[in-house]
Amino acid sequence: MGSERKSSSGAKSVSELLIQSGITITMIFAALMMGDLVQPWGTKVSLSILQKGAEAPTIFSISSIWLVLGAVAMSYLLFGWRVVLAVFIGFHVSALYLYDWSLNPFALTAAGNLKTFAWTNHAHVLVTTFGPLAAIYAMRTFKLSKFFEGEKLVFQHVVFLMILAAFFNTFAKFFVDTSLRTWLGLSIRIDEATYVPSMLIGDITGGIAFIFILALVVVPVIRLLAPGVITKE
């Protein structure tokens, strides 16, 4: 009887984790896709990259609204740290599908060079995966981790969480796009003065906006259809 109960409990735990992982990946995919949709609405930020040997920088336009931060933070608030692997894999899969990301740093480009820049993609995923989690545990250290009252989000704590996560995310990405790129021998950034404030504002606004969209639309559906998967650890 005891072994049957343990087996049943283990199977339930695995099934819950699979559901949690599926919801997490879906939220991340939706955040990336929606961020791509709002880009044409005048929310572009220009990022300048100076290629080796070039006289003029290459200008890239990206969305300044980083919704993924809200999706990742909500996943941890609902399901706990156990979905960290789902966040890591989900971001990779979503970016590969939507942006055709290069993930293999040992693959060759058309010119026959190694795709070393893929290491920066993996580093960005690590930042997005662990930034919100670090912010949550930092708030728990300072006893500011009451994110729910019953079934409602505590607005003040969630907003502070997203601001803290945005700082972690922005400055970690700044390190990746400056120091790590230099170590890898990649082209360097020349827009540091505008990069940090643009990214920080985009992380804060996008994270706060999307986490409350999820709270109003997605979380009630989860509570209705699969209330047992919410752990709020």
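Modeller: What follows is a conversation in which each term is set beside its cut-off.

Modeller: This is a predicted model, in which local features need pLDDT of at least 70 and side-chain atom pairs count only at pLDDT 80 or more, while totals for chains, interfaces and linings use all residues. Residues are numbered from 1 along each chain as its sequence is written, and side-chain values use heavy atoms, with hydrogens and water left out.

Colleague: How many helices and strands does the protein have?

Modeller: The protein has 6 helices and 5 strands, where helices (H or I, at least four residues) and strands (E, at least two) are DSSP runs numbered from the N terminus. Along the sequence they follow the pattern α-β-β-α-α-α-β-β-α-β-α.

Colleague: Why is A71 called buried?

Modeller: A71 has a relative accessible area of 0%, and buried means under 20%, exposed over 50% and partly exposed in between, with a 1.4 Å probe and protein chains only, so A71 is buried. A71 sits in helix 2, which spans residues 68-79. Leaving aside neighbours within four places in sequence, A71 is in contact (heavy atoms within 4.5 Å) with M27, I28, A31, F210 and L214. The C-alpha atoms of A71 and I25 are separated by 9.1 Å, although these residues are 46 residues apart along the chain.

Colleague: What makes Q20 and T170 buried?

Modeller: Q20 is buried because its relative accessible area is 0%, and T170 is buried because its value is 1%. Q20 belongs to helix 1, and, apart from neighbours within four places in sequence, Q20 is in contact with F79, R82, V83, V229 and T231. T170 lies in helix 5, residues 155-183, and, with the neighbours within four places again left aside, T170 is in contact with V196, M199, L200 and D203. For the protein as a whole, buried residues make up 44% of the 233 residues.

Colleague: How do you know whether L216 is buried or exposed?

Modeller: L216, which is in helix 6, has a relative accessible area of 70%, and L216 therefore counts as exposed.

Colleague: How many aromatic pairs does the structure hold, and what is the rule for a pair?

Modeller: The structure holds 7 aromatic pairs. Rings of Phe, Tyr and Trp (its six-membered ring) pair if their centres lie within 6.5 Å, and planes under 30 degrees apart count as stacked, over 60 as edge-to-face and the rest as tilted. F29 counts as partly exposed because its relative accessibility is 27%, whereas Y97, at 64%, is exposed.

Colleague: How do you know that R140 lies over the face of Y137?

Modeller: A charge sits over a ring if NZ of Lys or CZ of Arg is within 6 Å of the ring centre and within 35 degrees of the ring normal. R140 is at 5.1 Å from the ring centre of Y137 and lies over its face.

Colleague: What is the phi of D100?

Modeller: Phi of D100 is near 55°, a positive value in a residue other than glycine. Most residues other than glycine have a negative phi. D100 is found in the loop between helix 3 and helix 4 (118-141), and D100 is exposed because its relative accessible area is 63%.
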